[in-house]
Amino acid sequence: MRRFVAGRAAVACLVVALSAAAARGGNFNTIDSVRPRIGQRGATVEVTIKGSYLRDAQEIVFYRPGIRVVSIAPIGEPPAEKEKAAHWHPQLACVFEIAPDCPVGEHVFRVRSLTQLSMAATFNVTPFPVVDGMEADKDRGTKDNDGIATATPVPLNTTIRAEIDGRDTGDVDVYRVPVVPGGRLTVEVDSVRISDFTHGHGEDSGYDLKLRVLDAAGRQLAANDDNPLHVQDPLASIRLPESLPPPADGTPGTFAFVEVRRSTFSGHTWPYVVHVGDWRRPLAAYPPGGPAGQPVAIEFRGDPLGSFTETVVTPAEPGTFGHVADWPTPFLLRSSAMPNVLEDAAGDTAVAALPAALNGVIAEPGDVDRFRVTVTKGDRYRVRVFAGAIGSPLQPRLEIMSPSADGQTATPPIVKYSADREDRDTFGISAYNGSVLPEAIDPSVIWEPKVDGEHVIAMTDLGGAGSPTAVYRIEVEPARDAIQLVLPWTLYWWEAPKWASFAIPRGDRWTVNINLMPCQGNTFKGETEIVAEGLPPGVTLVPNRVPAGVGKWPIQFETAPDAPLAGAVFSLVVKPLDPAVTLGSGMQQNLPFNNKPGGDAWKTVRLDRFMLAVVDTPPFSIEIDPPPAPIVRGGELAIPVRLVRRDGFDEPVGFQCDWKPAGIGVPPQVVLGPGETQGVLQLSAEQSAPLGPVPLVVTACTKDRGEQGWHGDGQVRVSSKIVPLVVAESFVEFAAEPESVRRGERKKMVWKVKHRTPFEGQAPVRIVGLPKGVEVHEPLPTVAAGTEEIAFEIEGTDDALIGLTKDITCEVTVTQAGQAVRQRSGRGFLRVDPRP
Amino acid sequence: MNRPAPRLVPSVRARGLRFAAGAAAAALLVAGGVGHGAESAVAEAPSFRRDVMPVFFRAGCNAGTCHGSARGKDGFMLSLFGYDPKGDYARIVEQLPGRRVNTAVPERSLLLLKATAAVPHTGGKLFDVESDFYRTLRDWVAAGAPDDDGAVPEMVDVVLSRTSFVFETAGPSEPLGVTAVYADGSSRDVTRLARYFSNNASVAEIDADGGVTSKGPGDTNVFARFGRFTVGAEVIVLPPAEGFAWPNPPADTFIDRLVFDRLEKLRIVPSGLCDDETFLRRVTLDLAARPPTVDEYRAFMADASADKRTRRIDELLAGDEFIDLWTMIWSEQMRIIGGSYAPQGTLVKSADAFQEWVHAQFAAGRPLNEFVAEMVAASGSNIAAGPPNFYTMMVHKPALEPKQLAADFSQLLLGVQIQCAECHNHPFDRWTMDDYYSFVSFFSGIRRINGVEPREKRIFFDTTSEPARHLVDGRPMPARVLGGVQPEPGGVDPRKALAAWLTAPDNRLFRENLANRIWAQLMGRGVVDPVDDVRVSNPPSNPALFEALGARLAELEFDLRGLVRDICSSRVYQLSTQPTASNALDTRQFSHAHLRRLRADVLMDSIVAITGVPGRFPNFPVGARAIETHPRQQGDTGNGAHLEPFFHTFGQATRKTVAAAETKREPTLAQALHLIVGDTVRDRLAAGGVVRQLVETKSTPEDVVEELFIRVLARKPDGEEMAAMIALVGDSPKDPAVYEDIFWSLLNSTEFLFNH
């Protein structure tokens, strides 16, 4: 957690500005809304996307296959008035062709325009026909469906798309479904999970819905608000009574009524969908996973008509995967590089060998499951629990005990009942409230046994609860070295394109700071290289070499002048320079959806690959040369920056160092006005700056586009090449004894000189930080090779400030390779006394 | 009746409320020869704990205003009322060797010089050199100021020579003797070492030597305090017998019998039964949190059956509004507040979950002890379940503070304020620091961890946690129930045992607390009042009633509706507010009904119901009733700034604490002004269309006026009132504006504002 603190402090100053901007109606999402939010597999759907900077949209790129975008066309024209135009958000009319075999569930996409890649948005796919859930509509002649009498009729096995509105009495929507008495009725609501990528709206729970299933007489047959599987989105699956009352209006048939309302009153209107049907709806899977790429018999539990077993073939790639049978929401299961061990209901479970995935159910309150494993001192395991992460109601309490021969505990047990996100190799989530993902309830620990022999891994519910659906899986495997490459943390609640977008201008380049986050148990600290896989034609990743142990590094993409304008999903891999080392590598970008001010994301869209777009040739470039002289510790260095304007482009451009080398001070953005092409980047080095070469790169962006420069939406951005900046030891060090001077007194202030780095010629020195009223008399001293001491002739005037002044220092200017290099050193004390 | 017999085995500690113990125990003491004058053998030298410490106590040296203050006084500190004899010994004897205690020349001990004002002493002269106190201290110093740690039996009880005084007239005095009982069975007279106070000096005074003097008619209690014990005796000063004739009212219920017994004893004549109109309005406001409707009024008044009051009570008890009201009461007590940004897990969703759960319990008629037990032992998600929110809502802080939780828990569920014992043994009750820290340990392992979404916290007891440590010596204090002997075993969640002890039918503290709160809700005042300050020195105004109410609740298996039915069916509940000659000044004995200003939420809902204009409360849909809501506020729930002006003005509980005093019923000028000129009434007069509808549908002005009276006041106007109203109507019998004025006047009447 600690490493987030600095980041949070850094953005704190932005918060006020952001809030003010948001209050003015500013919105930093490039995509405000997607309507409808869902389409049926095999259908062609017209989708309207509203957002900003979408007028020149060229392409919609999905992260996974299944949806083909047939057409994109802007709707309407911007308002003529400048003020209105500034807040106008264009819309795109799109046609999505959803493949018959398109995966059910969430599909993440970005819109590529001529100049940028939008923030991420989502569209969902359902196996069922999509019907409208109609509210009162004069044109259609429909009434409010706020009760059984006015319920909207919908067929079974459909997905209803609707809105919960913000009326001041609270909206209630009721749907009438034909059912078979004694049969199964399953209802699943998607609300939080299909929310638009949006900043908060000042309330707690606007997306939070709850549902009830009623009979025609209004009797409640089932109700649900939150549940472990879908968290805030309700679901209910019931066996209907053998007899159901007929509808009061005499409609022939038997019906159930599905009522949807907000859990908590809200004055906003948001979309939701309800899937209604008779499909099987298990609540738990046991075992909840199996060895990678193999068939595994899984018992699905919790369906109202009873458990059933199916064989599921796990993916070849280990990880969590979504399994869909006949239900509309993927069921999360694990594919693991280890065999399954199932708990022995009769007693302790003997585990033949590790690694193994230990599966069990805390079926009764107070149950404790124990697995006996044999380990050797010096082993190093990662023990990771999957319960909340896969929708189990279990609140796991993991305990690892090391009994000695006499049955007594040899070393204190390891007890864990929660995890930080980092424990789960999850990074890049802004969260004020600590760990807010379902798996953060699941412990994950690196276990290094202190003794040889049989140990016990025990699992129970933290609060003593238990149920037949309280499944868990404990994956025990040797700890591995691995690094996750993580795109920059979202800024406050937005994905900021300025720092997190791979929009690379054609014929130019772009630089992104990538985070290298060590996974749990990682011990590798060596040098690495980041390489790209799956880049589109004409795009190259500039070779890089990442020093050992750094957590962030700039990587730069270049494009050929003729690179096709296109978007693509690609991968980055971190590779150790030492070929003998095995290092796992992964990628992630975690995007908060549906926040509220001051709160954490309810839903996080999690991406395990990155998206890149080649955008239009920019009308300007930014250039810097490798500095001819090093920057010395405690010194400053001025770097010339050249702006190359093309094609009559004369707008202001700002440049800055988005990449800040350790120990190097960089200035805030420098803006070059119309017509200006030259600027200076004034760098400074701390005394503790690491010595040696570091990458230096400048990025530049347009200033008159975008609602906020900090964010980057709507900007044209380019990057300079990465050049080496050398940090050297200081030239000299100055030291002075504490000195005093009386008003009216003239005396020498003497500084000892210690030489660190040789230089040629005489370097002038000035004294900085003297108190008011203390004057320095010419000539000022200089230092050269061999100078051991310098002195300043100082005089306390009658205006001199009485008292002690600290932090008086010397500034020496050395000219190297024609460039003036300034360096400060020393800390002197001067007391000014009154006249005697 | 928990008081132990005076001959105690050393390991048993004195427990239980002491009033009920009284005379029988004293008699036993005398019979056993350990009363006055039967002192045990006197030691050669005075004992520090047994003889010297009591001198500090009696002389006031270790009082909070003197050396007993937290930082001592003038550089010398003693433990408050002597809770830490070991520390006191060290400070007196060892802190400044030879100064405070000079064993070579005892008379030069600063202890003696200061106490006798031989040297300047801020506290002045406390006793002179001839006194017993001086002799005790000097002899102890002369003996070398020995410590007697472990050598002196622990004091286990203090017994009074009598527990009741009845004076026929003001003026006479009678003595009260005080005896300390020790763990070895020995005892001694400590009348001259104890300190005394009276709860009402206008009824009886008690002097420094235990002399009780009657001062004026009434009943009160006098107390003796010695060591960690405070013991009380009842004092009744009777009014003149002349003119008093007990009317012998019907007493069909245990409540009537116990209240009337007490009144007869005190020579107070109860008021008569209230009329049907008053009863209907009273019981409807009390059980349905609103005034009766016109239809209800007419039906009730037309009903000539003898049992119509009982039937009405049952009808109201079966209604949803009764559930809403009691949900609100518990919601306030447990501080249910939902915020839009509350990192402590008190977001709106969790508040809703808790509120809905509480509502469901009252709807299902869940026994109160089961209801409480489930919350006390609750673990799990604050979103998925209601009960665990007990451990977030009572706290409303980022960190869960076991001490605060223990104090709030005790205050709410036992009516006992134990927090004094955090720093010293409770000065006015029986709770010691050992009791306190052992009780805190029930909460020291409670943890709240993040759940699967931002609003969620999961609550559980960490069985590996350390118990609370004693403030004085840092001892770990394993969890032990108040008044219990055996600590709970470690390694398990002790809250199950806590819940079981707490809610057991034989736990008088719990059952009497709940019963007294129910009584206070219906009668406007607890038998112990305030209801959340049950202590030895704040005894019940009618001990038998207090005990009987608790016993009855347990007998009813903690059925809320059962006890409410008992109370509302009693003649005592149905007494008139019109006083008799002898009960006008009575505020404690339930001799007549007292005017009770409506709770803020009930008042609001009453105005809404009468005017037909729905309420609009922040973050609730239009039409929600005030009684159904709970605070949903922007931001953090810890700031407690959620009350709308109306609710603030009318004293709605702020939910900043669990204190019963949070709900304010006092009338204020601001309240009157709010109703007169505020928008609550003004904006509703015409908006609901009530008046226009009446004018249109009623044939005569008299009918309209009568309907308005019934609607607002649940009674018909008398002849004088009707005449005055008709005069106002004048020759505009169909002008709604005149009737709106009448409507306004009725809504602004004190009669409307009060339950009577």
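Reply: A salt bridge here is a side-chain nitrogen of Lys or Arg within 4 Å of a carboxyl oxygen of Asp or Glu. This is a predicted model, in which local features need pLDDT of at least 70 and side-chain atom pairs count only at pLDDT 80 or more, whereas totals for chains, interfaces and linings use all residues. Residues are numbered from 1 along each chain as its sequence is written, chains are lettered from A and ligands numbered from 1 in the order in which they are written, and side-chain values use heavy atoms, with hydrogens and water left out.

Between chain B and chain A the count is six salt bridges, and a pair that joins these chains is D208(A) with K349(B), at 2.6 Å from N to O. The contact (heavy atoms within 4.5 Å) draws 33 residues from chain B and 36 residues from chain A. Together the two chains bury about 2600 Å², with 49% of that on carbon and sulfur atoms; buried area is the accessible area (1.4 Å probe) that two parts lose on being put together, summed over both. On the chain B side, V452(B), P454(B) and R455(B) lose the most area to chain A, and together they make up 22% of what that side buries.

Over all chains, the whole structure has 113 salt bridges. One of them joins E793(A) to K748(A), at 3.0 Å from N to O; since E793(A) lies in β62 (789-796) and K748(A) in β58 (746-755), both of chain A, the pair ties together parts that are 45 residues apart in sequence. Such elements are DSSP runs numbered from the N terminus, with helices (H or I) of at least four residues and strands (E) of at least two.

Turning to the strands of chain A, where two strands pair if DSSP finds at least two bridges between them, β14 (209-214) and β15 (220-224) run antiparallel and are joined by four bridges. In that pairing V213(A) has A222(A) as its bridge partner, and the two strands form a hairpin with five residues between them, where G218(A) in the turn has a positive phi of about 90°.

Elsewhere in chain A, four strands form an open sheet of mixed pairing, in the order β2-β8-β7-β4. Because β2 (38-40) and β4 (57-62) stand at the edges with a single partner strand each, one side of each is left without a neighbour in the sheet. From one strand to the next the twist averages 35°. The pairing of β4(A) with β7(A) (105-113) is antiparallel over five bridges, and in it E59(A) stands opposite R112(A).

In chain B, helices α14 (402-413) and α15 (433-440) pack at about 105° with axes 9 Å apart, where axes are lines fitted to C-alpha atoms, for helices over the stretch in contact, and angles run from 0 to 180 degrees between N-to-C directions. That makes α14(B) roughly perpendicular to α15(B), the class for 65 to 115 degrees, with angles under 35 roughly parallel, over 145 roughly antiparallel and the rest oblique. On α14(B) the contact is made by P402(B), K403(B), A406(B), F409(B) and S410(B), and on α15(B) by Y436(B), Y437(B), F439(B) and V440(B).
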